Amino acid sequence: MIEYDSVTKIFGAGKTAVTATDSVTFTIEAGETAVFLGPSGCGKTTLLRMTNRLESVTRGSIRVQGRDIMEMNVQQLRLGMGYVIQQIGLFPNKTIAGNIAVVPRMLKWDKRRIDERIDELLRIVKLDPEIYRNRYPVELSGGQQQRVGVARALAADPDILLMDEPFGAIDPINRHQIQDEFLKLQAQLKKTIAFVSHDIHEAIKMADKIAIFKDGKLVQFDTPEIILMRPASKFVSDFVGADRALKVLGLLKVRDAMNREPRNVIQGEFTAEEALRFMEDNNFRHLIVLRENRVLGFVTRRQLKYEQGRVEELVEKFPEELTAREPLRDALSAMLMHDLMSFPVLDDSGGFSGTISYRYIQKSILELYSESQDD
Amino acid sequence: MSLWVFLQDNLSMALFLTWEHLWMVGLSLLIAIVTGVPLGILITKNRKLAQKVIGGANVIMTIPSIALFGLMLPLLAVFGHGLGKVPAIIALVLYSELPIIRNTYIAIKNVDPALVDAGRGMGMTKWQLLREVEIPLAIPVIIAGLRTAAVMIIGIAAIAAYVGAGGLGVFIQQGIARSHEAMVLAGALGVSLLAIVVDLGMGFLERRLTPRGVKA
Ligand SMILES: Nc1ncnc2c1ncn2[C@@H]1O[C@H](COP(=O)(O)OP(=O)(O)OP(=O)(O)O)[C@@H](O)[C@H]1O
Ligand SMILES: [Mg+2]
């Protein structure tokens, strides 16, 4: 847990004084990721650097695991927090293994334990220890270096991670990948994380809570959903962007909006004639065809007209498969791309578990919006 | 060829003077390293001090060597060392300081501040940071400074023969006095050869001691 209590930082004095953070108060709960978000110069890095005392606090206090950081030994404080800097900062004169070993060595771990830990961490960040252990940072791509930076911060298994734009230096494709991997990792590790970002998409994806800053002041501290659906000020709504409803779609999963008991479903052994009648009676435009809870495809009225035989022989396959765990944004994108009003949703073992449609997506957004209005 | 004949006749003398030259230079460099490198590191913590120290070393550099020997003579004469190896070595040390201090200072200052930040943020002490990161990264530039100093003082040491320090300068000095061309040539070529060999050797050292991950 990290508690910021009226934290103020003033650089310089007199006329040239700059207030980098201004009476900032909020708490990052144990096991949660708080993303510090805001425009350049709003004090995100400064707040992070005060947390491990790389900058002093002008007024106010910071408590880590309940203890005032000023009462702790500064080396001890830092050894207990993994630190990832924006510029990656791997030591070029040390191998990858040497870089990861820095903190364990300071903690006087024995050599075997350190070596094992290095390999374990390299595997965690998806770098083959055999290949990368003895390489130097210059021999790695930016993305690989960033992975090593994360591994180095995790080396001694600290409870707290301070990360300053840790994935800033990589191209978008790799960034998404490393973000996904980090999320999976965090789901197991449950670290308390202070994460600086200036990218709203990254914040929405990584955060349990987002802290939005403006000119050194904390303007909102809330879950991503609430920040998106009920921004506290014009500044926040401008910052999250006019497309915030679309961003919510990136946050919500198919399972949050899907129809679990769809009626426009038919078993493959029915005849085309029966299916057509079923559609006309219920005014369905298309049916999803199943056999043994597997999705075979879909049929439309036009397809079935003048046809005989069983529907399973007449199906058209769905161009994409959607699972319950995918973001709604991807589902919507699939619908737009393929001009289909609804898609079947598969569970983890590939079985049919419901459908997702425009109407259900819209309903879930409106629900979320009204929830956040009255809480 | 008269140079060849001269060398054949005076081989043991030539070898002795070369050896004498080398150890004067070597000892001076050693003293300059153990004083200059720590001083160069120390002044990275204080800009004002750095300006003074480097400025001072710069002033020494501008004094012509023959004048420096002249200036030291009355001072050292008090201790009975106005002539000989002592003033020579003191002068060589003083001349070496500037490239060594300056290069050390610049090399440490030029270490990427992000690395210092990362190290401190991970809990490294100043000393750990210096030993594990800053010095290893500064090594190539420090050695480049040594190389400059070495080549320079090999030349200056030749002039030290005028204060009776010995070394290859003896051939040059006596050769001129006696108008013995081959002798002057032997001294001059010897000093030049020494400078070239030492330069190559230090270049090799520079490459060897550059941390692998830092090589371009
Ligand atoms: N060492 C310093 N001395 C003086 N002013 C500083 C110092 N560090 C930061 N500042 C000032 O404090 C303010 C906040 O800076 P900070 O680096 O925390 O911003 P940031 O939110 O991290 O910005 P960015 O997104 O560009 O990294 C800025 O106005 C900056 O100029
Ligand atoms: Mg910053």
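This is a predicted model: local features need pLDDT of at least 70, side-chain atom pairs count only at pLDDT 80 or more; totals for chains, interfaces and linings use all residues.
Student: Which residues do ring pairs link into a cluster?
Tutor: The cluster consists of A:Tyr4, A:Phe26, A:Phe36, A:Phe213 and A:Phe221.

Student: And how many aromatic pairs are there over all chains?
Tutor: The count is 13 aromatic pairs over all chains. One of them joins A:Tyr4 and A:Phe26, whose rings are stacked, at 4.9 Å centre to centre and with 25° between the planes.

Student: Where do A:Tyr4 and A:Phe26 sit in the chain?
Tutor: A:Tyr4 belongs to strand E1 (residues 2-11) of chain A, and A:Phe26 to strand E2 (residues 18-28) of chain A. They are 22 residues apart, and the pair thus links distant parts of the chain.

Student: Are those two buried or exposed?
Tutor: A:Tyr4 and A:Phe26 are both buried.

Student: What about A:Phe235 and A:Phe239, why is that pair stacked?
Tutor: The pair is stacked because the planes of the two rings stand at 25°, and the cut-off for stacking is under 30 degrees. The ring centres of A:Phe235 and A:Phe239 are 6.1 Å apart.

Student: How far apart are A:Phe235 and A:Phe239 in helix H11?
Tutor: They are 4 residues apart in helix H11 (residues 234-240) of chain A, so about one helical turn separates them.

Student: Why does A:Phe239 count as partly exposed?
Tutor: Its relative accessibility is 23%. Buried means under 20% and exposed over 50%, so a value in between is partly exposed.

Student: New topic: how many residues do chain A and chain B bring to their contact?
Tutor: Chain A brings 24 residues to the contact and chain B brings 20 residues. About 2000 Å² is buried between the two chains, and carbon and sulfur atoms give 60% of that area.

Student: How many salt bridges are there between chain B and chain A?
Tutor: There are 4 salt bridges between them. In one, the side chains of A:Arg105 and B:Glu132 meet at 2.8 Å, N to O.

Student: How do the residues on chain B's side divide?
Tutor: On the side of chain B that touches chain A, 10 residues are nonpolar, 6 are polar and 4 are charged.

Methods
Residues are numbered from 1 along each chain as its sequence is written. Chains are lettered from A and ligands numbered from 1 in the order in which they are written. Side-chain values use heavy atoms; hydrogens and water are left out. Contact means heavy atoms within 4.5 Å. Buried area is the accessible area (1.4 Å probe) that two parts lose on being put together, summed over both. Ala, Val, Leu, Ile, Met, Phe, Trp, Tyr, Cys and Pro count as nonpolar, Asp, Glu, Lys and Arg as charged, and the others, Gly among them, as polar. Rings of Phe, Tyr and Trp (its six-membered ring) pair if their centres lie within 6.5 Å; planes under 30 degrees apart count as stacked, over 60 as edge-to-face and the rest as tilted. Helices (H or I, at least four residues) and strands (E, at least two) are DSSP runs, numbered from the N terminus. Buried means under 20% relative accessible area, exposed over 50%, partly exposed in between (1.4 Å probe, protein chains only).
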